[in-house]
Amino acid sequence: MEKAMNIQSDGRWKPAKALLLLGLSIGYFMVLLDTTVVSVALPAIRADLGGGISGLQWVVNAYTIVFAGFLLSMGGLADKLGARRVYAGGLVLFLAASALSAAAPSLGLLIALRAVLGIGGAALTPASLALVAHAFPEPSARARALGIWAAVTGIAMAAGPVAGGLLADSLGWRSIFLLNVPLAVISLAIVLRLGAETARKRRQPLDWTGQWTAVTAIAALSFALMEGSAYGWGSPIVIAAFVLTLVSAALFARAERKGPDPLLPLGMFRNATVSAGMIAGMAVNIGLSGILFALPLFFQQARGLSAHTAGLALLPMTIPLAFNPIVTGRIVGRIGARIPMTAGFLLAAAGTIFQLRMVSTSDYALPLIGLFLIGLGVSLTIPALMTAVIGAVPREQTGAASGALNSSRQVGATLGVAMIGSILGGTPSMTAGMRLGLALTAAVLLAGSLLSFAFIGRKGRNPRIER
């Protein structure tokens with residue numbers, strides 16, 4: 001019966017189901033697009049609104065900090081209020097914040113609105129996943145639908161720098177935020193018309209202590225790393241930020257250990273694959289986001305490229321992210337996640353090392369190969385990582401594990417931008433900063449390969465309790 005509702009006699013989905021999947025995929029596309037589309041427009045934003053490297057870091061990280069922190073609780077909120085309701089609310093918030101960002105008169109207000117966008121994005125992600133699962137209850141149809149939904153990740157990664165550069169050059173940087181408005185309207189209309197509400201589950205009250213301590217810890221650490229070179233690493237405000245990070249992290253761990261319905265069941269970290277996977281998730285996004293932050297700035301400020309050309313220059317890296325995950329899924333299905341993850345980190349590290357030649361010379365041949373290797377490596381690592389972590393926990397903890405992995409990756413994205421930005425702002429020249437930043441990024445990726453080889457797929461201790 002359920003299969004008949006989803007699929008026509010010729011094996012295709014009914015138009016309404018296909019249209020609903022399109023609407024939900026558009027929402028997810030916007031969330032991911034907003035993590036990359038801004039990168040090539042940063043010089044234009046600074047020229048218009050002012051601010052140095054630190055200000056540009058906050059433009060990027062205000063979104064990812066809040067996104068990472070609120071991802072942990074939005075899945076529970078979707079269960080409590082209904083996924084359709086949470087999706088619609090997140091989409092309206094995303095639409096409004098995007099429109100206001102396009103009119104932001106100051107850098108501070110733009111940063112604040114980017115944080116609001118992070119809340120909307122955090123609501124959209126788990127709610128859209130829940131609605132896809134609800135709309136396609138038959139296993140094979142659900143697998144196909146989730147595959148299409150997940151493929152949007154690579155498309156958004158590939159489209160972001162190119163679209164951002166084209167819009168920034170032709171219509172100005174404000175147009176990159178207006179791009180979200182028609183997409184949000186289309187997605188909202190489709191989901192409200194065709195999406196059925198999910199069952200509202202009775203749950204304990206949301207873990208607000210865990211929620212706010214998580215956001216505080218991420219924000220304080222990001223502040224310390226991004227502002228350390230400006231205030232001085234030994235200044236009272238930077239030291240206080242590091243202390244606040246430690247205190248907030250300790251309070252978060254205590255809340256998750258003792259709370260009746262924790263955001264993050266700590267018992268699953270007894271499994272070596274889960275623990276290593278969370279660190280690997282941070283490592284891969286430290287590399288990817290750091291590179292996406294640094295290279296557009298270098299292309300435009302040191303090489304004199306336009307925003308559009310800088311976006312096109314990143315295509316060798318972003319195109320593999322759009323297509324290779326399909327192949328990676330098949331490889332992981334045959335040989336497991338450990339080898340693809342290890343190889344992916346090694347390829348990304350090698351590609352990052354190749355970028356050092358671009359910094360020193362005007363030769364682009366080797367750096368272009370390096371960009372391709374970075375994209376190929378990341379597209380090997382992330383699907384294998386997701387498969388490894390989700391497969392290592394009991395079925396009832398898959399939602400929590402998925403949310404934790406997404407959060408760890410967003411924390412990594414925040415740290416990558418903070419690390420590279422701090423280095424660029426604290427060195428005498430952009431060339432020197434790029435050399436040091438790329439070298440450290442390559443070291444992080446190499447560490448990720450060692451971690452993957454040593455721990456991914458190992459049995460470890462299985463979590464015996466839900467918490």
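Me: What's in the chain, helices or strands, and how many?
Reply: The predicted model has 18 helices and zero strands.

Me: How much of it counts as buried?
Reply: 54% of the 467 residues.

Me: And the contacts, what share joins residues at least 24 apart?
Reply: 82%, taken among contacts between residues at least 6 apart in sequence.

Me: Switching to charges. How many salt bridges?
Reply: The count is three. Side chains of opposite charge can pair when their charged atoms come close.

Me: Start with D34. Which residue does D34 meet in a salt bridge?
Reply: R114. The N to O distance is 2.9 Å.

Me: Next one. What does R174 pair with?
Reply: R174 forms a salt bridge with D48, at 3.4 Å from N to O.

Me: How does accessibility look for R174 and D48?
Reply: R174 is partly exposed, with a relative accessible area of 25%. D48 is partly exposed as well, at 43%.

Me: Which residue does R85 bridge to?
Reply: E197. The closest N and O atoms are 3.7 Å apart.

Me: Where are R85 and E197 in the chain?
Reply: R85 is in helix 5, residues 83–102. E197 is in the loop between helix 9 (180–194) and helix 10 (208–231). This pair also links distant parts of the chain, 112 residues apart.

Me: What are their relative accessible areas, R85 and E197?
Reply: R85 has 46%, which is partly exposed. E197 has 26%, also partly exposed.

Me: On to packing. At what angle do helix 2 and helix 5 pack?
Reply: About 45 degrees, with the axes 12 Å apart. The two helices are therefore oblique to each other. Their crossing is left-handed.

Me: Which residues make that contact?
Reply: From helix 2, G23, L24, G27, M30, V31 and D34. From helix 5, Y87, L91 and F94. By class, that is six nonpolar, two polar and one charged.

Me: How do helix 2 and helix 9 cross?
Reply: Their axes come within 9 Å and cross at roughly 145 degrees. Helix 2 passes helix 9 in a left-handed crossing.

Me: Which residues meet there?
Reply: Helix 2 brings A16, L19, L20, G23, L24, I26, G27, F29, M30 and D34. Helix 9 brings N180, L183, A184, I186, S187, I190, V191 and L194. The classes are 13 nonpolar, four polar and one charged.

Me: So where does D34 turn up again?
Reply: D34 is in the helix 2 contact with helix 5. D34 is also in the contact with helix 9. And D34 is the salt-bridge partner of R114.

Me: Some single residues now. Where is L42, and is L42 buried or exposed?
Reply: L42 is in helix 3. At 0% relative accessibility, L42 counts as buried.

Me: What does L42 touch?
Reply: L56, V59, V60, F293 and L297, leaving out residues up to four places away in sequence. L42 and V60 are 18 residues apart in sequence, and their C-alpha atoms are 8.9 Å apart.

Me: What about P182? Where is P182?
Reply: P182 is in helix 9. P182 counts as partly exposed, at 44% relative accessibility. P182 and L95 are 87 residues apart in sequence, yet 8.6 Å apart from C-alpha to C-alpha.

Me: Last one. Which helix holds T342?
Reply: Helix 15, residues 338–360. T342 is buried, with a relative accessible area of 10%.

Me: Which residues does T342 touch?
Reply: S449, S452 and F453, not counting residues up to four places away in sequence.

Terms used: Residues numbered from 1 in each chain as written. Predicted model: local features only at pLDDT ≥ 70, side-chain atom pairs only at ≥ 80, totals over all residues. Heavy atoms only, no water. Salt bridge = Lys/Arg side-chain N within 4 Å of Asp/Glu carboxyl O. Buried < 20%, exposed > 50% of the residue type's maximum accessible area, 1.4 Å probe, protein only. Helix = DSSP H or I, 4+ residues; strand = E, 2+ residues; numbered from the N terminus. Contact = heavy atoms within 4.5 Å. Axes fitted to C-alpha atoms, helices over the stretch in contact; angles between N-to-C directions. Parallel < 35°, antiparallel > 145°, perpendicular 65-115°, else oblique. Left-handed = near helix turned anticlockwise from the far one by under 90°. Nonpolar A, V, L, I, M, F, W, Y, C, P; charged D, E, K, R; others polar.
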